[in-house]
Amino acid sequence: MKNIDYNKYIWKGWTVQDFIEALEDDISYIMADTSIIPPFKNKDELKKYCMENQPYYKRYIPEVIEHFANKYNIK
């Protein structure tokens, strides 16, 4: 497991932690299978969802993916 720098600046005042917080509720519903979106089966599905649904910045943020992959044991 990598160390994640949650304070790393990403874009216009937003840090890794800010993007995680913006996605946290939706991803928790998805992974609890209480959403219309089925739980993620792998990191590629998680990565695609995060890139499409994080606010403002639609690029890959490795630390965000790593955080959720670790939290929900996604390989």
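# A tour of rings, core and loops

Begin by selecting Lys47 and Tyr60: Lys47 lies over the face of the Tyr60 ring, 4.1 Å from the ring centre. Keep in mind throughout that this is a predicted model.

**Aromatic pairs**

Next, show the side chains of Phe, Tyr and Trp. The structure holds 6 aromatic pairs. Select Phe19 and Tyr57 for one of them, a tilted pair with 6.0 Å from centre to centre and 50° between the planes. Which parts of the chain does this pair tie together? Phe19 belongs to helix H1 (residues 16-31), while Tyr57 sits in the loop between helix H2 (43-53) and helix H3 (62-71), so the contact joins parts 38 residues apart in sequence. Switch to a surface view and check both rings. Phe19 is buried, at 0% relative accessibility, and Tyr57 is also buried, with a relative accessible area of 17%.

Now move to Phe40 and Tyr49. Their rings form a tilted pair, 5.4 Å centre to centre with 50° between the planes, and both residues are buried.

Centre the view on Leu46. Setting aside neighbours within four places in sequence, Leu46 is in contact with Ile27, Phe40, Ile65, Phe68, Ala69 and Ile74.

Finish with the backbone. Most residues other than glycine have a negative phi. Where does Asp33 lie? Find it in the loop between H1 and H2; its phi is positive, near 60°. Is Asp33 buried or exposed? At 53% relative accessibility, Asp33 counts as exposed.

The last stop is Asn73, in the segment after H3. Asn73 is likewise a residue other than glycine with a positive phi, near 55°. With a relative accessible area of 57%, Asn73 is exposed.

Key
Residues are numbered from 1 along each chain as its sequence is written. This is a predicted model: local features need pLDDT of at least 70, side-chain atom pairs count only at pLDDT 80 or more; totals for chains, interfaces and linings use all residues. Side-chain values use heavy atoms; hydrogens and water are left out. Rings of Phe, Tyr and Trp (its six-membered ring) pair if their centres lie within 6.5 Å; planes under 30 degrees apart count as stacked, over 60 as edge-to-face and the rest as tilted. Helices (H or I, at least four residues) and strands (E, at least two) are DSSP runs, numbered from the N terminus. Buried means under 20% relative accessible area, exposed over 50%, partly exposed in between (1.4 Å probe, protein chains only). A charge sits over a ring if NZ of Lys or CZ of Arg is within 6 Å of the ring centre and within 35 degrees of the ring normal. Contact means heavy atoms within 4.5 Å.
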